[in-house]
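Colleague: I would like to learn how to read a model like this one, feature by feature, beginning with a helix. Could you take me through it slowly?

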Amino acid sequence: MAEASKKVIGLLAIDPSKQAEAALHYYFNHIHREGNQLILMHVIDLPDEAHLMDGDMAMAGQLQGKREKAQEVGEKFVDLVRERGVYDSKVHITNGLKPG
């Protein structure tokens, strides 16, 4: 009996760095196979408690600016993925605290 091919879903963390671009190129050169789906994830660093003391409006403006930058990063990586002929990719942007 022939084994059905399984769809593989890859997850790649992205940010504006050259290292993130290098990781994407590595993925395509060594890991990606036709039919795979790629999820690109960007985590927005939330301000630490010291920034929260400045008030909610300041934090909201800061977070909005980070979201806009994250959207730009996501669009850049989607373009890079499409240049490779892959159209089954998604961008996920979420918030998170810095580790430690």
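**Reading a helix and its sheet**

Modeller: Helix H1 has 14 residues and spans 19 Å from its first C-alpha to its last, close to the 20 Å expected at 1.5 Å a residue, where the expected span is 1.5 Å times one less than the number of residues. Helices (H or I, at least four residues) and strands (E, at least two) are DSSP runs, numbered from the N terminus. This is a predicted model, in which local features need pLDDT of at least 70 and side-chain atom pairs count only at pLDDT 80 or more, while totals for chains, interfaces and linings use all residues. Residues are numbered from 1 along each chain as its sequence is written, and side-chain values use heavy atoms, with hydrogens and water left out.

Colleague: Which residues of H1 are buried, and which are exposed on the other side?

Modeller: The general idea is that an α-helix has 3.6 residues a turn, so residues three or four places apart point the same way. Buried means under 20% relative accessible area, exposed over 50%, and partly exposed in between (1.4 Å probe, protein chains only). In H1, Ala20, Glu21, Leu24, Tyr27 and Phe28 are buried. Seen down the axis of H1, these buried residues fall within an arc of 115°, so they line one face of the helix; the arc is that of the directions from the helix axis to the C-beta atoms. On the other side of H1, Lys18, Gln19 and Asn29 are exposed.

Colleague: In what order do the strands form the sheet?

Modeller: Two strands pair if DSSP finds at least two bridges between them. Here three strands form an open sheet in the order E1-E2-E3, with parallel pairing. Strand E1 (9–13) and strand E3 (89–96) stand at the edges with a single partner strand each, so one side of each is left without a neighbour in the sheet. Eight bridges join E2 (residues 37–45) to E3, and methionine 41 in this pairing stands opposite histidine 92 in E3.

Colleague: What does glutamine 37 touch, and is this residue buried or exposed?

Modeller: Contact means heavy atoms within 4.5 Å. Glutamine 37, which is found in strand E2, is buried, with a relative accessible area of 7%. Not counting residues up to four places away in sequence, glutamine 37 touches Lys7, Val8, Ile9, Gly10, Tyr27, Asp88 and Lys90.
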